[in-house]
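Open the structure in your viewer and keep the selection tool at hand. This tour tells you what to pick next and what you will find there.

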Amino acid sequence: MASEESFVVLVHHRGSIKRKTRSGVKFTDKDPLCIVVTPTMSFDDLVRSVLMKLGLEATAAGSSSRPAIGSSSVPVYQPVVQPVASSSFAVDLNGSVGDEVGSRKNPPNPLLGVAPLGVGDGLLGDVEEDDVEPDMIDDDSGDDIGAKGVSGHSVGFGARDAEGTAGLTEFQVGQQFQDKEQALLSVKTYSIWRGVQYKVIESDYRQYVGKCSEFGNGCTWLIRLSLRQRKGIWEVKRYNGPHTCLATSISSDHKSLDYHVISAFIMPMVRADASVSIKVLLNATTAHFGFRPTYRRVWMAKQKVVALIYGDWDESYNELPRWVLGVQLTMPGTVAVLRTSPVRVGGQVDESQAYFHRLFWTFLPCIEAFRHCKPLVSIDGTHLYGKYGGTLLIAIAQDGNSNILPVAFALIEGENAESWAFFLSHLRQHVTPQPGLLVISDRHNGIKDALEALDEGWLPPSAYRAFCI
């Protein structure tokens, strides 16, 4: 095995395998086994680990109940290549509210405003296999040790050997770290593997001092890290170790196993599959560290990782104009209509910023395909459960073989007469100009009002309505 780091393998041992066109196959087992694989583990060892997890092979006498991870050093952090962040795209907001994006000759000021309502977390969810992930969950770790952000490093966890903590490598004076966050992750991970607690005595932009919680009561463990300003790195200046106290934690959780540590650990798993469930991440974290964090903490860790990989909510909204024009450039014939709302500061309109309001879009293949479909269209909306909420509207058609074809989409603030009128007017204008069209929908009053508007082309004989029952 080329890597010197341990990693988690998910073993699906029950359920069935379904074929999915999007991802190839899908495992229906919602609670896979989490096996920690080390560089020195053989195939037979892996098989024994699986059998032990399943209760089919007795655990060796005297073995630790916590996972044994092989390594020969204090956690080492290797940098991960960060996704290239595209430059922000400019869109003219001076009098552009309501105009179609892409029709301008001169690119203008950035769309800085954050929408009060908008895009949901579509990348995170397969409803069938994922846990429900509420948008806002407060941190419950009670520990604010360390940096506020998520590091862009993959963490080489695992500082114990098969004998338990006996082979845990200690810190060394002169040991260096790329930044403070990296250093703190290493200290926290060391504390977790040891099963001990420590207190932060001093922490600022220049130095960091931690002492064992039992310091003065029989333990002398202490670590002092300082910033070397010329090199911009952090270095261990003083270290009294190892711990001379016994592991004091009898809880299933550990104070140092906060969402910063969990974020660094689950980064590869989320990067490989953004829809991985919180339950799987929680089980993997428990199997790796030997302590079980709360669901809330793992959820927060995943949110931070997703934001690091894909950008946060503000960045996503700011990228919408760039995305719209990018699609129009790469797929000529794409229709996109972006609406924004002005930002008021102290009663004055801030011309340099705007809030996202609504977005309608359709693709040229959808427009052309609808000409060959049955003269009917079904419309509906679904709620989005991201930070800003909102609703996704969609119109679907049906071809001669009864295959379903999505033909138009819209992101709106919620289902009401105005938002439905926005969607249906552009649907009629750009996708479904044919006379005698049948519209199938539910009995939402917003749809009723929009379809009964006099000049929108949805009244008989131009169009007829049927209810979905």
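**Stop 1: the whole chain**

Keep in mind that this is a predicted model. Show the chain as a cartoon. It has 10 helices and 18 strands. Next, colour by burial. Of the 469 residues in the chain, 44% are buried.

**Stop 2: helices α2 and α3**

Two packed helices are described by the angle between their axes and the distance between the axes. Select residues 180–194 for helix α2 and residues 259–272 for helix α3. At what angle do the axes of α2 and α3 cross? The answer is roughly 95°, and the axes come within 10 Å. The two helices are therefore roughly perpendicular to each other; angles of 65 to 115 degrees count as such.

Now show side chains. From α2, pick L185, K188, T189 and I192. They meet H260, V261 and A264 in α3. The residues of this contact divide into 4 nonpolar, 2 polar and 1 charged.

**Stop 3: helices α4 and α5**

Move on to helix α5, residues 295–310. It packs with α4 at an angle of about 105°, and the axes are 9 Å apart. So α4 and α5 are also roughly perpendicular to each other. Which residues make the contact? On the α4 side, select I278, L281 and L282. On the α5 side, select Y295, V298, W299 and K302. Sorted by type, the residues of this contact give 6 nonpolar, no polar and 1 charged.

Stay in helix α4 and select T286. Is T286 buried or exposed? Its relative accessible area is 19%, so T286 is buried; the cut-off for buried is under 20%. Leave aside its neighbours within four places in sequence. T286 is then in contact with F291, R292 and P293.

**Stop 4: aromatic rings**

A pair of aromatic rings is described by the distance of the centres and the angle of the planes. How many aromatic pairs does the structure hold? There are 13. Start with F265 and F289. Their ring centres are 5.5 Å apart and their planes are at 75°, so the pair is edge-to-face. F265 lies in helix α3 and F289 in helix α4 (residues 278–289), so the pair ties together parts that are 24 residues apart in sequence. Both F265 and F289 are buried.

Next, select W361 and F409. This aromatic pair is stacked, with 5.4 Å from centre to centre and 20° between the planes. W361 sits in strand β13 (residues 348–362), while F409 sits in strand β16 (residues 404–412). The pair links distant parts of the chain, 48 residues apart. W361 is buried, at a relative accessible area of 13%. F409 is buried too, at 16%.

Now select F171, Y190, W221 and Y239 together. These residues form one aromatic cluster.

**Stop 5: arginines over rings**

Select R428 and W458. R428 lies over the face of W458, 4.7 Å from the ring centre. Then select R443 and F467. Here R443 lies over the face of F467, at 4.0 Å from the ring centre.

**Stop 6: backbone details**

Most residues other than glycine have a negative phi, and most peptide bonds are trans. P461 is in the loop between α10 (445–451) and β18 (463–467).

Now go to S402. S402 lies in the loop between β15 (391–398) and β16. Its relative accessible area is 42%, so S402 is partly exposed.

**Stop 7: L33**

Finish in strand β4 (residues 33–37), where L33 is found. L33 counts as buried, at 12% relative accessibility. Draw a line from its C-alpha to that of V50. The distance is 7.7 Å, and L33 and V50 are 17 residues apart in sequence. Leave aside neighbours within four places in sequence, and L33 is in contact with V9, L10, V11, H13, V50, K53 and L54.

Technical notes: Residues are numbered from 1 along each chain as its sequence is written. This is a predicted model: local features need pLDDT of at least 70, side-chain atom pairs count only at pLDDT 80 or more; totals for chains, interfaces and linings use all residues. Side-chain values use heavy atoms; hydrogens and water are left out. Axes are lines fitted to C-alpha atoms, for helices over the stretch in contact, and angles run from 0 to 180 degrees between N-to-C directions. Helices (H or I, at least four residues) and strands (E, at least two) are DSSP runs, numbered from the N terminus. Angles under 35 degrees count as roughly parallel, over 145 as roughly antiparallel, 65 to 115 as roughly perpendicular and the rest as oblique. Contact means heavy atoms within 4.5 Å. Ala, Val, Leu, Ile, Met, Phe, Trp, Tyr, Cys and Pro count as nonpolar, Asp, Glu, Lys and Arg as charged, and the others, Gly among them, as polar. Rings of Phe, Tyr and Trp (its six-membered ring) pair if their centres lie within 6.5 Å; planes under 30 degrees apart count as stacked, over 60 as edge-to-face and the rest as tilted. Buried means under 20% relative accessible area, exposed over 50%, partly exposed in between (1.4 Å probe, protein chains only). A charge sits over a ring if NZ of Lys or CZ of Arg is within 6 Å of the ring centre and within 35 degrees of the ring normal.
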